[in-house]
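Welcome! Here is a short tour of a structure, laid out so that you can follow along in your viewer. Please load it and keep it open as you read.

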Amino acid sequence: MTLAPERSATQDHTVSPTVPHRAGSVRTAAQHSEVNSRLRIEGAEAREFKPKRSGKPNPMGHLTPEQVEEIGRELDALRQEVMDSRGEKDAAYIRKVIKTQRYLEMGSRAVLLFSGVKVKGVKPFWWLGTTGLSIAKILENMEIGHNVMHGQWDWMRDPKIHSTAWEWDNVSPSSQWKHSHNELHHTFTNVLGRDNDLGYGILRVDEDQRWTLFCLGQPIWHVINAAMFEYSIAAYDLELGGYLAKRNRMSEEEKAEFRARAQEVLVKIRQQATKDYVVHPAMAAPFGGAKSTLTANVVANLVRNIWTNTVIICGHFPEGIETFEKTSIEGETRGEWYLRQMLGSGNISGSKFMHIMTGNLSHQVEHHLFPDMPSNRYAEISPRIQELMERYDLKYVTGSLPKQVFSVYKKVVQLSLPNKVEGRRRRDTIKLAAKRAIKRKSLGGRPR
Amino acid sequence: MAEALATPLIPADYLDLFDPMREGADLRGRIVAITPQTRDAATVTIQPGRGWRGYEPGQYIRIGIDVNGVRQWRAYSVCDSTGIPGTKDATISITVKAIPDGVVSNHLVHRTQPGCVVMLDQATGEFVLPRTAPEKVLFITAGSGITPVMGMLRSREDLTDVAHVHCAPTAADVIFAKELRGYGENGRTAYIERHDDEHGMLDLADLDRLVPDWRERDTWVCGPTGLLDAAEAHWEAHGLTDRLTVERFRPTIIEPGEGGEITFLSSDVTVEADGATPILDAGENAGVLMPSGCRMGICMGCIVTMRQGAIRDLRTGEITVAEPGDNLSVQTCVNAVAGTCDIEL
């Protein structure tokens, strides 16, 4: 499902195990190699725009290379300004969120011990505990887990709150999530065929993604995906789809590697399920709350799944957000990368509480520009990003949660059908695809 | 059971919320008092957690304190203690001199408030007296180098013949002045105080005059690197090396430069790299198995531990220095070596 990252295709000097570097001290002078183009501001060139199938115009076509460089410089300076001002207050913020989350979780779980108690036909402790646990789980995944694993708090040098050490309350092991999310999605954001977050390999959310018969069912796939989101994420990070499709062509080594990672996921699933569905219900058993504690945990995980899915689909799928062709990122400079991040993300407007509950992913544009900036600082730079984008005539996509969610749901339904093509009815396109499918005994693969 | 309840965290993460000082927790300490000693030195009294195992006079502890939100670790000699280690009454004291541009020392002397919780390491160090006190002892200390010796003087009643030469820039800069002079007056030590502004810097050749029997004394020296180097040379010149113990806190001084040598410790590879090449590229080119990811500084997939050294962020020019023991996590894809650095790979 996920393509290999760029490096394996272009780097011929990756290590061969035969290099005898352990056989005694080796001293060499490093050759000066070409460093990643995304680390430089200079050298943006006017590039040829390859029109997309949909015929949508180039969203950055009106900018000169000089302007692109200037945008890069301006955003670098803004980043530096905020990073230099990180301090005690920010550290206190994340520690407070972590502390609040832990007390909330412990408190909710304590209340759930009595979740079986009925008062006038309702179970007040069940409702209270389930609400608290849902919020605690959301906080843990969003404002804490996601952001800590992005390295937003690494600068504190606290080994407990560090991207290399954090394990989150989710069935996807953090190491696998960091690879598919931090490395692939954040580097190749919204590049068709490179960023599998664009519909997670099961949804067609952009007209320029290929339509197949599989897409007809996507309103249903979407709902299932949302309800089971943590398991979808785990399967996605594990690249389960890719394995199932390609396993016959895989080497033994690749298969063994996959099995090791699958084992890791199974262990994590077991640990998570044991905690939520066995140990905590068992603890409530003496108070007659085993069954109600079990349902509370199921509901809290479901609420967390649906909420995180709702927030995340608003980040890149609503109307007005751009996608990019593979060729458009070859030799991409820092400024061009920034541009792609700004145009490929969308925000959610709302209250401070809502921003925290989304893990500040409601500031998706700011987050994608500076994924390692502490999340509590996105709100303050947001007006400046808007001003910059306005100045360069770039579209800053934002809207209320209902508006953005509706926009995505509309797309999920509309794009389940093939694009309209002049001179052919959509009905006929579907029929043709169905005939082919019967002949090949395949739905034609998933959207890409 | 507790693990199954707490996963994906560990039980300690929850217990720390209630009692961070408990036995079995990561060792922490609560600062209970800060007492000024001179205009730029103060004694910091810390109540260590119940896991504290005590110290030998002369040993040091590392303390990790958050300055401006960033955890900084520094080593300080323990100069005093009360109570029984592992109990609630135990305290330890360190004396800190604020050095110019010293991030931690200035914070501790001028800004820290009692109540602040710090991370601690157990006491360590070879700068200690033998179990049976030597017959004749000489201490040579300078500036804040008095702190480990202070711990010895305060707790080792069995020292009978002590000569002590202590140097400070001026009379007003002498830490523990009253106590040290008191020991001189009551005969516990033969105390000689030297002030640089009055007597000039201590010349060890003067020892023949100041402490004529210095050759017969087991000697402990603590102070600036210059003094330690001079002492080692002096004792060696007289063939008395085994009579001398010195305390060195900073075996290497890290001066950031442009480019330099990168050592990958477990691969046993050293490469020379310029100031524009990411450590990641330098390592890969030399055949080291480097973890990597986005190669542009955003994914944290390339993080490795830098044991010591200096590196420069290629995006911002910012220099990060790791002193021995700091063990910093660094991103290799956006940092170049600035001088030398040792990477755990």
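How many Å separate the centres of domain 1 of chain B and domain 2 of chain B, taken over C-alpha atoms? The answer comes just below, and please keep in mind that this is a predicted model.

## Domains of chain B

Taken over C-alpha atoms, the centres of domain 1 and domain 2 of chain B are 28 Å apart. Fourteen may be a handy number to remember here: the contact takes 14 residues from domain 1 of chain B and 14 residues from domain 2 of chain B. On the side of domain 1 of chain B that touches domain 2 of chain B, the elements giving two or more residues are strands E1 (28-38), E4 (70-82) and E5 (91-97) of chain B. E4(B) supplies the largest share of that side, with five residues. By class, the residues on this side of domain 1 of chain B are seven nonpolar, five polar and two charged.

As for the overall layout, chain B is divided into domain 1 (2-120), domain 2 (136-247) and domain 3 (259-343).

## Strand E17 of chain B

Is strand E17 of chain B mostly covered or mostly open? Mostly covered: of the nine residues in E17(B) (335-343), seven are buried.

E17(B) has pairing partners to look at. With strand E12 (259-264) of chain B, E17(B) pairs in the parallel sense over six bridges, and Glu261(B) has Thr340(B) in E17(B) as its bridge partner. With strand E14 (303-313) of chain B, E17(B) runs antiparallel, joined by six bridges; here Gln308(B) has Asp342(B) in E17(B) as its bridge partner.

## Where the chains meet

The contact takes 55 residues from chain A and 45 residues from chain B. On the side of chain A that touches chain B, two or more residues each come from strand E1 (26-29), H2, helix H3 (88-112), helix H5 (174-187) and helix H9 (252-284) of chain A. The residues on that side of chain A divide into 14 nonpolar, 22 polar and 19 charged.

## A helix pair in chain A

Helix H2 (65-84) of chain A also packs with helix H11 (334-343) of chain A, at an angle of about 80° and with the axes 8 Å apart. That angle makes H2(A) roughly perpendicular to H11(A), because angles of 65 to 115 degrees count as roughly perpendicular.

Which residues meet in H2(A) and H11(A)? Val68(A), Glu69(A), Ile71(A), Gly72(A) and Leu75(A) in H2(A) meet Arg334(A), Gly335(A), Glu336(A), Tyr338(A) and Leu339(A) in H11(A). The contact of these helices has five nonpolar, two polar and three charged residues.

Key:
Residues numbered from 1 in each chain as written. Chains lettered and ligands numbered in written order. Predicted model: local features only at pLDDT ≥ 70, side-chain atom pairs only at ≥ 80, totals over all residues. Axes fitted to C-alpha atoms, helices over the stretch in contact; angles between N-to-C directions. Helix = DSSP H or I, 4+ residues; strand = E, 2+ residues; numbered from the N terminus. Parallel < 35°, antiparallel > 145°, perpendicular 65-115°, else oblique. Contact = placed C-beta atoms within 7 Å. Nonpolar A, V, L, I, M, F, W, Y, C, P; charged D, E, K, R; others polar. Domains from an automatic or database assignment. Buried ≥ 20, exposed ≤ 12 C-beta atoms within 10 Å, placed from the backbone. Pairing = 2+ DSSP bridges.
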